[in-house]
Amino acid sequence: MSTKLHVIVDGCGLPIRVVLSPGQASDKAVAPALLAGLAPGRDLVADRGYDAKALLDLIAAQGGRAHIPTCRDRKLQRSVDPELYRHRNLVERFFNKLKHFRAIATRYEKHAANYLGLVKLAAARIWMRAYESVS
């Protein structure tokens, strides 16, 4: 009955990829589909929900670097550069911009495909706003 939005944004906070998953699904399970087809050699900043060895190996195989804090229950803790990890708030800012669209914030649309379509339409409007403010 519930869903989660997973989003990849660029360095300006503009969405690159949006994926919808069942609410009970783990973030780690969706990550390979989210990363598929991205340009190799990118840095990835994510929260603890994406901490999995398989995901770290996938990012490394694509030539990128993962900046994901380790879950607290792991024996071996990785360190993450705090300056770089601060850029994760770009995703949070994107979600805040999405909440300005009432149909998305209230989850008015009950069908997953239609809801994802609304999210992508809102993402396109966010892109257009950013493009208009530059020119």
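This is a predicted model: local features need pLDDT of at least 70, side-chain atom pairs count only at pLDDT 80 or more; totals for chains, interfaces and linings use all residues.
**Entry 1: His6**

Residues are numbered from 1 along each chain as its sequence is written, and side-chain values use heavy atoms, with hydrogens and water left out.

Back to His6, which I found in strand E1. Helices (H or I, at least four residues) and strands (E, at least two) are DSSP runs here, numbered from the N terminus. Which side chains does His6 meet through polar contacts? Ser21 is one partner, at 2.8 Å, and Tyr50 is another, at 2.8 Å. A polar contact is a pair of N or O atoms within 3.5 Å; within protein, one must be able to donate a hydrogen and the other to accept it, and residues adjacent in sequence count only if both atoms are side-chain atoms.

I then listed the wider surroundings, with contact meaning heavy atoms within 4.5 Å. Leaving aside neighbours within four places in sequence, His6 is in contact with Arg17, Val18, Val19, Ser21, Asp27, Val30, Leu34 and Tyr50.

**Entry 2: the chain as a whole**

I counted 6 helices and 4 strands in the protein chain. Their order along the sequence is β-β-α-β-α-β-α-α-α-α. The radius of gyration is 16 Å, close to the 14 Å that the globule rule gives for 135 residues, so the protein chain is as compact as a globular protein of that length. That radius is taken over C-alpha atoms, and the rule is 2.2 Å times the number of residues to the power 0.38.

Along its principal axes, the C-alpha trace spans about 45 × 40 × 25 Å. Buried residues make up 33% of the 135 residues. Of the contacts with a separation of 6 or more, 36% come from residues 24 or more positions apart.

**Entry 3: nonpolar cores**

I use "nonpolar core" for a set of buried Ala, Val, Leu, Ile, Met, Phe, Trp, Tyr and Cys residues joined through side-chain atoms within 4.5 Å. The largest one has 16 residues, and Leu5, Val9, Phe94, Leu98, Ile104, Val119 and Ile126 touch the most other members. Strand E1 (3–9), helix H4 (89–98) and helix H6 (112–134) are the elements that give two or more residues to this core. Which of them gives the most? Helix H6 does, with 5 residues.

Not counting residues up to four places away in sequence, Val9 touches Leu14, Pro15, Ile16, Leu90, Val91 and Phe94.

**Entry 4: salt bridges**

Side chains of opposite charge can pair when their charged atoms come close. How many salt bridges does the structure hold? My tally is 7, each being a side-chain nitrogen of Lys or Arg within 4 Å of a carboxyl oxygen of Asp or Glu.

Asp51 pairs with Arg74, the closest N and O atoms being 2.8 Å apart. Asp51 lies in the loop between strand E3 (43–45) and helix H2 (53–61), and Arg74 in the loop between strand E4 (65–67) and helix H3 (82–85), so the pair ties together parts that are 23 residues apart in sequence. Asp51 is buried at 0% relative accessibility, whereas Arg74 is partly exposed at 34%.

Arg78 also bridges to Asp51, with the closest N and O atoms 3.0 Å apart. Here the parts tied together are 27 residues apart in sequence, because Arg78 lies in the loop between E4 and H3 and Asp51 in the one between E3 and H2. Arg78 is partly exposed, at 33%.

My next stop was Asp57 and Lys53, whose closest N and O atoms are 3.3 Å apart. Being 4 residues apart in helix H2, they are separated by about one helical turn. Asp57 is partly exposed at 40%, and Lys53 is exposed at 58%. Shared partners join Asp51, Arg74 and Arg78 into one salt-bridge network.

**Entry 5: cysteines**

How many disulfides does a search of the whole structure find? I got 0, a disulfide being a pair of cysteine sulfur atoms within 2.5 Å. Cys12 is exposed, with 62% relative accessibility, and Cys71 is buried, with 18%.

Technical notes. Buried means under 20% relative accessible area, exposed over 50%, partly exposed in between (1.4 Å probe, protein chains only).
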